[in-house]
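Good morning, and thank you for making time for this presentation. I would ask you to keep the sequence and the structure in view while I speak.

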Amino acid sequence: MILVTGATGTVGREVVRRLPADLHVRIMARDPAKVPSAARTRETVAGDHRCPRTLARALAGVKAAFLVTTDVAGDNDARFVRAARSAGVRHVVKLSAAAVLDPEADDLITRWQRANEELLQGSGMEWTLLRPRSFMSNTLSWAASIRSERVVRALYGSSANACVDPRDLAEVAARVLAESGHAGKAYTLTGPRAITAAEQTDQLGRLLGVPLRFEELSPEQARVALGARFPAPVVEALLQSAERQRAGAKAQLTNTVGEVTGRPAGTFHAWANDHVQAFGPQARSGSRALPLRSEVRTASR
């Protein structure tokens with residue numbers, strides 16, 4: 001039995017798709033109705049990290065679990081680890097962030113992730129840590145301005161990030177959950193090339209067949225824009241993270257995707273080509289254009 005949390009999010013839903021059909025997979029979601037229809041052939045249970053009763057029910061009989069949490073500075077990891085240990089779970093695979101390895105990273109989000117990693121490592125259960133760089137899918141936050149103005153606005157357009165295709169992250173997670181030999185390991189996951197926001201803008205424009213303009217935000221403009229979506233402490237953490245990227249802290253590459261999956265990590269161009277409709281005028285007005293909070297909080301690092 002494998003339990004997948006976060007299955008309504010960008011990574012979790014892809015993990016469910018990639019787990020072999022002959023495995024018994026259970027999906028935990030606060031609202032099971034939001035689980036993608038393609039995943040409803042799997043067992044689905046309502047569960048909330050803040051409710052011990054639902055956690056115990058979701059974890060009953062589980063041997064391996066994929067853990068995704070998004071409440072920065074909250075104690076959801078501690079609640080889950082405690083319940084998993086009581087339920088006899090053997091292996092927990094946690095979605096963390098590459099920033100935990102950077103000694104210069106001391107923002108709220110990174111401190112939270114480091115503490116959660118240490119908690120899991122000291123739990124007595126087997127563990128595997130997945131530490132991605134920024135998700136390529138975070139660029140979906142540009143979709144509205146691309147459609148309406150043909151413009152992308154972001155901080156530090158010439159700073160590079162070795163962003164990863166979330167589908168590659170999901171493939172690694174699925175293999176770690178289904179195979180042996182991954183316990184006690186931490187995998188830093190990147191794409192095959194560090195890319196800047198200005199380069200991403202150019203590639204999206206070429207795929208869409210329209211000229212796109214990149215406008216670099218000042219830190220104060222970015223603070224205002226982020227403040228419309230996130231609490232002030234998270235905004236400051238994201239701004240600090242952007243400064244580290246500007247200093248080159250996020251351009252290093254790994255070959256972990258290839259080592260675990262046996263194939264090269266996907267490029268941003270390939271990801272964008274597969275999702276180009278989300279940026280075009282034909283995109284449905286109700287489609288999700290903003291990244292999930294879990295993407296920003298745990299994977300923009």
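Let me begin with a definition: a residue is called buried when its relative accessible area is under 20%, exposed when that value is over 50%, and partly exposed in between. Please also keep in mind that what you see is a predicted model.

With that definition, consider Y156. Its relative accessible area is 8%, so Y156 is buried. The residue sits in the loop that links β7 to β8, the latter spanning 160–161. Its backbone deserves attention as well: phi of Y156 is positive, at about 50°, although Y156 is not a glycine.

A second residue may be set beside it. R150 also has a positive phi without being a glycine, with a value near 55°. R150 occupies the loop between α5, residues 143–149, and β7, residues 151–155. Is R150 buried, partly exposed or exposed? Its relative accessible area is 43%, so R150 falls in the partly exposed class.

I turn now to the overall architecture. The protein has 12 helices and 11 strands. Its radius of gyration is 19 Å, and the globule rule gives 19 Å for 301 residues; the protein is therefore as compact as a globular protein of that length. Along the principal axes, the C-alpha atoms fill a box of roughly 55 × 40 × 35 Å. Of the 301 residues, 55% are buried. If we take the contacts between residues at least 6 apart in sequence, 76% of them join residues at least 24 apart.

Next, the interior. In soluble globular proteins, nonpolar side chains tend to be buried together. Here the largest nonpolar core has 32 residues, and the members that touch the most others are V4, V15, L19, F66, L130, V172 and L177. Several elements supply at least two residues each to this core, among them β1 (2–5), α1 (10–18), β4 (64–67) and α10 (256–261). Which element gives the most to the core? That element is α6, with seven residues.

Apart from neighbours within four places in sequence, V172 is in contact with L130, Y187, L189, V257, V260 and T261. There is also a second, separate core of 19 residues, which includes L3, V45, A65 and V89.

Finally, two further loop positions. L140 is located in the loop between β6, residues 126–132, and α5. At a relative accessibility of 9%, L140 counts as buried. Its C-alpha atom is separated by 18 Å from that of A170, which is 30 residues away along the chain.

P211, for its part, lies in the loop between α7, residues 197–208, and β11, residues 213–217. With a relative accessible area of 64%, P211 is exposed.

Methods. Residues numbered from 1 in each chain as written. Predicted model: local features only at pLDDT ≥ 70, side-chain atom pairs only at ≥ 80, totals over all residues. Heavy atoms only, no water. Helix = DSSP H or I, 4+ residues; strand = E, 2+ residues; numbered from the N terminus. Rg over C-alpha atoms; globule rule 2.2 N^0.38 Å. Buried < 20%, exposed > 50% of the residue type's maximum accessible area, 1.4 Å probe, protein only. Contact = heavy atoms within 4.5 Å. Core = buried A, V, L, I, M, F, W, Y, C linked by side-chain atoms within 4.5 Å.
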